[in-house]
Amino acid sequence: MEKRIAVIDLGSNSVRMSINLLRDNGEWESLQKLRTTVRLSEGMGADNILKETSMTRVIAALKEFCTIAKNNSCQTIVAIATAAVRNAVNRKKFIDRVLSETGIRFDVISGEDEAYYSYLSVRESLPIKNGLIFDTGGGSTELILVRDKQLVASTSLPLGAVVMSERMKRLPQSEIYRYVSTTLGTVDWIDQAQSFDLYGVGGSAKTLATLSVKELRLIEELHGLTLPYSKVAAIYQKLYNTPLELRKNLPGMDPSRADIIFEGLTPMKALMDMLGSKKIIISSYGVKEGVFFRVREEILKNEWGKTNES
C-alpha cells in the first residue's frame, strides 16, 4: 500500500516540510516542498532563551503545514528540530507547547544525528566516494568526512548563519572569516580532507547555487551542480563588497537570506581555502531528506518482515 509521509525540519532560520509518496517497491516521489522563514533563534543571545515572538511565528507556520499535510492525506508526520531548539534552555516548554497547539511531536536531534542525516541525503542522491560534506544552517555547521562512501568522522560546530550574524554583527567581515577559520582548525581530523571536494548541503549552499546561475531555475534542478573554486571565490567577494541593503537585489538572492548569507557562506569559503578544495558540489537534498530515507528504510524492512511471515 502506498504511503504519504511528511517530514518537518525545524531549524534556526526556517522550517521546512516535504511530502513524499512511498510506493510498495521502495520507489518514491517528492510531491511537495515548503519553506517558511521563522528565525527561531532570533534574539536568543548568550542566555539561549527562545523568544515569544519567534515561537509564535513557528507555531503559526506549523499549523499551516499540518493543514497541508492533512489535505495531502499524509499517514505519517515525522518532525525533527535542530540547533536552535537543541541549545535552548526553555526547549521543553517550547516542545510541549508545540505539541499542545499543533499535535506535532518533535524529536530534538543531536549535532551528530544532524550530520548523519546530511550524509545520508548526499549518499543516497549523489555519486560521492571521497569528500567533505558541510551543512551550514542557522544555528550550526555540520562537517562530515566521507571515505569510500562511508562516514568516518563528523562534528557539529557553532558556526550558524543566524547565530554569527547576530553575535558578530559589529565585527568587520574579515574578523568573521578569521573566527570561522580558527574554529574549523580545532577539528582534529580536518587535515584528512585535504584536496577533497566539498558537498554543500543546506540553505546557504542552495543560495550559492542560485547566485551562480544566470537564469532563474528551481533549486531541485541545481541538485548536483558543480562550482569551481574560482566561481565560489568570486561570489563570496561580491557579497563582501555589496552593502547589505543592496544584497537582496542581487540576481538569484533569496531576500530573506540577504542579511545572513555572508556568514552562511564563510565556513564553506574558509574550508575550501584551508583544504585546497578545487570544487563544490551542491545538494538540494538536506536533513529532512535524510530523515525520509531513514523512515523509508524502516518501513521497507517492516514490510519485508510481514511478507516473510505470510
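**View 1. C66 and C74, two cysteines too far apart to bond.** In this predicted model, the sulfur of C66 has its closest cysteine sulfur in C74, 10 Å away, which is too far for a bond. A disulfide would need the two sulfur atoms within 2.5 Å. C74 is likewise in no disulfide, its nearest cysteine sulfur being that of C66. You will find 0 disulfides in the structure.

**View 2. An open sheet of 6 strands.** Follow the strands across the sheet and you will read the order β8-β7-β6-β9-β11-β10, with mixed pairing. At the edges sit β8 (150-157) and β10 (226-228), each pairing on one side only. Neighbouring strands are turned against each other by 25° on average, direction ignored.

View 3. Residues 111-123 form helix α4, which lies across β6 (131-136), β7 (141-147), β8 and β9 (198-201). Compare the helix with β7: α4 runs at about 55° to that strand.

**View 4. Helix α10 across the sheet.** Helix α10, residues 261-275, lies across β6, β7, β9 and β11. Its direction is about 160° to that of β6.

Note on methods. Residues numbered from 1 in each chain as written. Predicted model: local features only at pLDDT ≥ 70, side-chain atom pairs only at ≥ 80, totals over all residues. Heavy atoms only, no water. Pairing = 2+ DSSP bridges. Helix = DSSP H or I, 4+ residues; strand = E, 2+ residues; numbered from the N terminus. Axes fitted to C-alpha atoms, helices over the stretch in contact; angles between N-to-C directions. Contact = heavy atoms within 4.5 Å.
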